[in-house]
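Reader: I would like to learn how to read a few features of a model from its coordinates. Please give the general idea each time, then the case at hand.

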Amino acid sequence: MASVPSLASTVQQRIADALSAALPEAGAADPLLRRSDRADFQANGILALAKKLKGNPRELAAKVVESLAAGDLLKEIEVSGPGFLNITVSDQAITETLAARAADDRLGVPYAEKSGTTVIDYAQPNVAKEMHVGHLRSAVIGDAMVQILEFAGEKVVRRHHIGDWGTQFGMLIQYLIEHPHELDHKDAAASGEEAMSNLNRLYKAARVVFDSDAEFKDRARQRVVDLQAGDEETVAMWRRFVDESKIYFYSVFDKLDVKIADPDVVGESGYNDMLEETCQILEDSGVAVRSEGALCVFFDDVKGPDGNPTPLIVKKSNGGYGYAATDLSAIRNRVGDLKADTLLYVVDVRQSLHFKMVFETARRAGWLTEDVTAHQLGFGTVLGKDGKPFKTREGETVRLVDLLDEAIERATTVVREKNNDKIALTEEEIVENGAQIGIGAVKYADLSTSAARDYKFDLDQMVALNGDTSVYIQYAYARAKSISRNAADLTAQPHPELELVPAERALGLHLDQFGETLAEVAAAYEPHKLAAYLYQLASLYTTFYAECPVLKADTPAQAENRYFLSELTARTLHQGMALLGIRTPERL
């Protein structure tokens, strides 16, 4: 495995060296290189340099050009406008760089210069409740970031902070104890989804009684005390709810093609033994103070509508622990025991204030330091076509499993309609491709949007063959694989001596940007930029496919070179989509 420097970085260094040679008085200077529609690259750094040296930017640019000889790397350099450098690299340099990428298992993508341990908190459903559309984004975005960071060389520890503790369990357990007929052996042996539906129904029934019967409410609250005290019968029933809920969670995540391992599921209950110690440390250190009987942390910049400070409540006046105590205990565990130097929370952007206060509290307590950082990758809301939060016609939250089933059904219909004698997919392949395309469509719609933004859930648009969709990218990949199947004895062989036509050049230059794109995505936690890169790659390949015949090229060398470009595109699309958690069928 060898990292391959991109053409951009090589040109950047060549221009920087030329700047230093032509203008030694300038010292180290940044050429400010970027892609350009006037040439392959444009360097704008001479303008700032001329201002610093009090010189004419065009004259300085001309000096730099004189010290830059055209050759294997650079085909043409011209001074443009007030002192820009327009730079065109040689066809030979493009092909040779891509050949080096193709020879590497990682497509020449380097590991990050600095790697450590990142704990990613994502995919956090609630026990005894069905998963809904609101659980989609955390799972999809979190899973993509896990894949991307691991590919970059980071050690990633997954954590699924499920909601498995609290007063609601006292209510549910008490209801079931008083209505034993509601949970018989048939339910216990039911499938994960059926068991979850039963638990969800029981939760709603218990809620009705809890809200209307004061005596039941008192018994339910006592049951919470029994649960916290470790009462055997109560804990056994709680454990059963958790286990049945996990079976359901795993079935939904499996349909979403997100792998969840049981050891990575550490819910709220996993930190129970740390809560009192966390509170004690905060109080003893003065980070938290007593206010009206509650243990609170105050912030100068966080105030309520009345202008008074709004605290982070760590421990309530009745002795119960707030969410903050659990989150702070989790930070202690992840930093102290898991040795994390980065904590990444993939949670709703509407929880931003809570996590801002939690992170600041952890910093004051010394759990987060200059060497240990915490970030919230906040995501927006999934909206319906009407631009309002996604609901059913009855106004209820959409069940996630229903949404995924509909996506698979729509996609399978599209696959079946497009199937013909030439493609000749079997029924089994149609069903498999339908699942991969439907789930891919849901994931890509989510990941192609900047995480913090809301987006509209529109299945018709998601499974469209044209436009910025996963299907369009998957179709480009399938086209490349169809060439592979029909290439017979043709070898995918680069030919640096050949001139490239515009469609080949554009495709080649974009392929070369894969590594830089991944580095940017990993550093900023922005998977939408990888989605944008892959869509652009598919678009450029579609043009290449239309304008540059591979099997019927003009010469054997051109056929081999084009086949080489097609194969490298297929590998890059496959790798990029895999990092987003999206599969790429070979036949569509």
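Reader: Is D243 buried, partly exposed or exposed, and why?

Author: This is a predicted model. D243 has a relative accessible area of 35%, so D243 is partly exposed.

Reader: Which side chain does D243 meet in a salt bridge?

Author: Side chains of opposite charge can pair when their charged atoms come close. Here D243 forms a salt bridge with R239, at 3.6 Å from N to O. Both residues belong to helix 10 (residues 232–255), where they are 4 residues apart, about one turn of the helix. R239 counts as partly exposed because its relative accessibility is 34%.

Reader: What is the N to O distance in the salt bridge of E283 and R290?

Author: The distance is 3.2 Å for the side chains of E283 and R290. E283 has a relative accessible area of 28% and is therefore partly exposed. R290 is also assigned to the partly exposed class, at 45% relative accessibility.

Reader: With which residue does E504 form a salt bridge?

Author: E504 pairs with R562, and the closest N and O atoms are 2.8 Å apart. This pair links distant parts of the chain, since E504 is in helix 18 and R562 is in helix 21 (residues 556–579), 58 residues apart.

Reader: Are E504 and R562 buried or exposed?

Author: The cut-off for buried is under 20%. E504, at 2% relative accessibility, counts as buried. R562 has a relative accessible area of 6%, so R562 is buried as well.

Reader: Which residues do salt bridges that share partners join into one network?

Author: The network consists of K385, E406, R410, D458 and D460. Over the whole structure, the search finds 34 salt bridges.

Reader: Where does H510 lie, and what is H510 in contact with?

Author: H510 is part of helix 18 (residues 502–511). Its relative accessibility is 9%, which means that H510 counts as buried. Apart from neighbours within four places in sequence, the contacts of H510 are Y533, Q536, L537 and L540.

Reader: What span should helix 17 have, and how far apart are its end C-alpha atoms?

Author: The expected span of a helix is 1.5 Å times one less than its number of residues. Helix 17 (residues 470–486) has 17 residues and should therefore span 24 Å; the end C-alpha atoms are 25 Å apart, which agrees.

Reader: In what order do the strands of the open sheet run?

Author: Strands of a sheet pair through backbone hydrogen bonds, either parallel or antiparallel. The open sheet here has 4 strands in the order 1-2-4-3, and the pairing is antiparallel. Strand 1 (33–35) and strand 3 (74–80) are the edge strands, each pairing on one side only. From one strand to the next, the twist averages 25°.

Reader: How many bridges join strand 2 and strand 4?

Author: Strand 2 (residues 41–43) and strand 4 (residues 84–89) pair over 3 bridges, in the antiparallel sense. A43 has L85, in strand 4, as its bridge partner.

Key: Residues numbered from 1 in each chain as written. Predicted model: local features only at pLDDT ≥ 70, side-chain atom pairs only at ≥ 80, totals over all residues. Heavy atoms only, no water. Helix = DSSP H or I, 4+ residues; strand = E, 2+ residues; numbered from the N terminus. Pairing = 2+ DSSP bridges. Axes fitted to C-alpha atoms, helices over the stretch in contact; angles between N-to-C directions. Buried < 20%, exposed > 50% of the residue type's maximum accessible area, 1.4 Å probe, protein only. Contact = heavy atoms within 4.5 Å. Salt bridge = Lys/Arg side-chain N within 4 Å of Asp/Glu carboxyl O.
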